[in-house]
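User: Hi, I have not looked at this one before. Could you walk me through it?

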Amino acid sequence: MLLSLVFPPGVAARGGRAVRAEPPTPVSRTVTDRAGALGGRRGQVEAALARLEAAHAVRLYVVYVEDFSGLSAQEWASQAALRGHLGRLELLLAVSVGQRRYAVSADSRFPLSAGELDEVAATAIEPALRHGDWAGAAVGAAEGYAEALATRGLIRAGRAPGEMDHVRRAVRAAAAGGRAPGGPGG
């Protein structure tokens, strides 16, 4: 199951420098930043990924590259996930900052449906990407997946009431077959 989108026009590409192609490689670390996108916020991203894993036994891998090496975002993420032997409770968020594309790869047995994954992308990942907030996209993804899993009642996270209500509403709408406004393809 894959989700792939092109960033909205408001996201700036790396200007004035050559974009280096990055072939998909096996994912082994939770954060791989070959594009230098995170700057001093790597620790913040790692902490968010660790919270998701501790609360829900779900591991999110995040990879930032300049270019998907001639592949679509979906192909790149799929190949990287396959080469890394990602399992049922593992996700991959692949971001090409130079091409302004990203994809999320999930096992077909992942506890959230494709619609729920789409809603997390629309409400928790894409807003940060629109503003060029690469670290915020990964943190949003981790928090969005945690909230979606907790909302479904699959795994409880112990969040405070009201936290990430927008994600909760979107996941409920997706589970009921509806779409939240502004989602992928909408």
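This is a predicted model: local features need pLDDT of at least 70, side-chain atom pairs count only at pLDDT 80 or more; totals for chains, interfaces and linings use all residues.

User: How many helices and strands does the protein chain have?

Analyst: The protein chain has five helices and five strands, where helices (H or I, at least four residues) and strands (E, at least two) are DSSP runs numbered from the N terminus. Along the sequence, these elements follow the pattern β-β-α-β-α-β-β-α-α-α.

User: And how much of the protein chain counts as buried?

Analyst: Of its 186 residues, 49% count as buried; buried means under 20% relative accessible area, exposed means over 50%, and partly exposed is in between, using a 1.4 Å probe and protein chains only. Among contacts (heavy atoms within 4.5 Å) between residues at least 6 apart in sequence, 71% join residues at least 24 apart.

User: Let's go to the helices. At what angle do H1 and H4 pack?

Analyst: Helix H1 (residues 42–56) and helix H4 (residues 134–151) pack at an angle of about 15 degrees, with their axes 8 Å apart. Axes here are lines fitted to C-alpha atoms, for helices over the stretch in contact, and angles run from 0 to 180 degrees between N-to-C directions. The angle makes H1 roughly parallel to H4, since angles under 35 degrees count as roughly parallel, over 145 as roughly antiparallel, 65 to 115 as roughly perpendicular and the rest as oblique.

User: Which residues make that contact between H1 and H4?

Analyst: On the H1 side they include Ala48, Leu52 and His56, and on the H4 side they include Val139, Ala142 and Ala146. By class, this contact of H1 with H4 has twelve nonpolar, two polar and two charged residues. In this scheme Ala, Val, Leu, Ile, Met, Phe, Trp, Tyr, Cys and Pro count as nonpolar, Asp, Glu, Lys and Arg as charged, and the others, Gly among them, as polar.

User: Is Ala48 buried or exposed?

Analyst: Ala48 is buried, because its relative accessible area is 3%. Leaving aside residues up to four places away in sequence, Ala48 touches Val139 and Ala142. The C-alpha atoms of Ala48 and Leu60, twelve residues apart along the chain, are separated by 9.5 Å.

User: What about His56, buried or exposed?

Analyst: His56 counts as buried, because its relative accessibility is 2%. A polar atom of the His56 side chain lies 3.4 Å from the backbone oxygen of Ala146.

User: How do H3 and H4 cross?

Analyst: The axes of helix H3 (residues 114–130) and H4 come within 8 Å and cross at roughly 155 degrees, and the two helices are therefore roughly antiparallel to each other. Residues meeting there include Leu117, Ala124 and Leu129 in H3, and Gly140, Gly144 and Tyr145 in H4. By class, the contact of H3 with H4 has eleven nonpolar, three polar and no charged residues.

Note on methods:
Residues are numbered from 1 along each chain as its sequence is written. Side-chain values use heavy atoms; hydrogens and water are left out. A polar contact is a pair of N or O atoms within 3.5 Å; within protein, one must be able to donate a hydrogen and the other to accept it, and residues adjacent in sequence count only if both atoms are side-chain atoms.
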